[in-house]
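Hi everyone, thanks for coming. Please have a look at the structure on the screen, and then we'll walk through a few spots together.

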Amino acid sequence: MRHYSARYLFLTFLLVFSCSDNDPVNNGPEDPGPDTQLSLSDYFPNLTVNEPLDIQHAHDGTDKLYALDQNGIIVEFDMNPDIDSSIFLDITGRVFKDGEMGLLGLAFHPDYETNGYFYLYYCPNQNTSRISRFSFNSSTNMADPDSELELISIPQEQTNHNGGQLLFGNDGYLYISSGDGGNRQNGQDLSNLKGAILRIDVDLPASGLNYGIPADNPFIDDDQARDEIYAYGLRNPWRMSMDRTTGDLWLGDVGSGYFEEVNKVENGGNYGWADLEGTSRCFIQPCDNPDFIPPFYEYEHIDNLTQAITGGYVYRGNDHPELFGKYIYADYAQGQIWALDITTASNELLFDTDFFISSFGVDRENELYFTARGQKKIIKFVRQEIP
């Protein structure tokens, strides 16, 4: 498809949205007809998020969306672009923002509508990543910054490779993406929480902890491993999502210099870092270690250009039948957006933009958005009439 510049997109403001009473279960959209095509829109022209890093929906029966500002702010806004945004939470005073550190992830509890709980991944200083629970205050109609309950603190050796995505799985457990912290050896080290996907139970705390360990976590009987680890061998898992239809967990893992990976995460899976990058860049023999799970898909850096994958979502919305059931993801450094067929592993370029795409998100209808850093914008996938 054609190249979409920021100038073109910001002139494309389409008031196209839909809503329903409940989050949809969708077996496939109807064909919208031959007169429209997939496009991108600056759908919220009055919304500004200075350093946008995440978009989430609370699944609370409303049309509200939430955008994370890396500096420590959560902005609440509506799918209706005519409704003004507001500050949901401001914890800039306790967030250390530098490079890849800051406020990085948000997840709403599955019962948020009744308990008001949500969870943040942020960096309180240059040596720590923290996962905490916060609460909504109905009297102020905002989040309560004084409600913080710390769950996990992860010591960091450097300021990069923090990961930072949070999500609740179909099983009700909280999944946490944790990068290797800039130390490649952490990828194969099960004695710490880095270079891994963690899974915890926030509803049944264990003795001495503010969370519990799911009984089927893979390393709970290994005295040399952390019980929280669900999968490992990752470098910087930058954005993961769950296909709510199948329960599959997908993530993008940023490569070291040659390959970017799309991984389908399995319980107990080892994805090879730092012994192996992609399927063929071997650092430690043997490269054909049978314990390593290869990426579902990889793409190679071209002409030594910097590339960095931004993981996305398997599309389950109604507006774009050509995307249904495909994994939509991007490259942060290059601006391309792709659709990966999860049945055939064939990959299609959708858009070649000049955006720094840091995260994707979906609304209550499972329609797609992404954050555009530098432009301070939230962009929506829309249908546009063919000229």
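This is a predicted model: local features need pLDDT of at least 70, side-chain atom pairs count only at pLDDT 80 or more; totals for chains, interfaces and linings use all residues.

By class, the second largest pocket is lined by 7 nonpolar, 7 polar and 2 charged residues. Its volume is about 280 Å³. Of the 16 lining residues, those closest to the centre are Glu 100, Asn 236, Trp 238, Tyr 332 and Arg 373.

Now to salt bridges. Side chains of opposite charge can pair when their charged atoms come close. How many salt bridges does the count come to? The answer is 15.

Take Lys 194 and Glu 157: their closest N and O atoms are 3.0 Å apart. Lys 194 sits in the loop between strands S12 and S13, and Glu 157 in the loop between S10 and S11, so this pair ties together parts 37 residues apart in sequence. Buried or partly exposed, what is Lys 194? With a relative accessibility of 7%, Lys 194 counts as buried, whereas Glu 157, at 45%, is partly exposed.

Next come Asp 243 and Arg 316, with 2.8 Å between the closest N and O atoms of their salt bridge. They link distant parts of the chain, 73 residues apart, and both are buried.

There is also a network of salt bridges, which links Asp 171, Arg 199 and Asp 216.

Finally, please find Leu 251 in strand S16. Its relative accessibility is 0%, so Leu 251 counts as buried. Leaving out residues up to four places away in sequence, Leu 251 touches several others, including Ile 197, Leu 234, Val 262 and Tyr 327.

Conventions
Residues are numbered from 1 along each chain as its sequence is written. Side-chain values use heavy atoms; hydrogens and water are left out. On a 1 Å grid over the protein atoms alone, a cavity is a set of points where a 1.4 Å probe fits but cannot get out, and a pocket is an open set with protein on both sides within 12 Å along at least five of seven lines; lining residues have an atom within 4 Å of a point. Grid points are joined across faces, edges and corners, and a volume is the space filled by probe spheres set on the points. Ala, Val, Leu, Ile, Met, Phe, Trp, Tyr, Cys and Pro count as nonpolar, Asp, Glu, Lys and Arg as charged, and the others, Gly among them, as polar. Helices (H or I, at least four residues) and strands (E, at least two) are DSSP runs, numbered from the N terminus. Buried means under 20% relative accessible area, exposed over 50%, partly exposed in between (1.4 Å probe, protein chains only). Contact means heavy atoms within 4.5 Å. A salt bridge is a side-chain nitrogen of Lys or Arg within 4 Å of a carboxyl oxygen of Asp or Glu.
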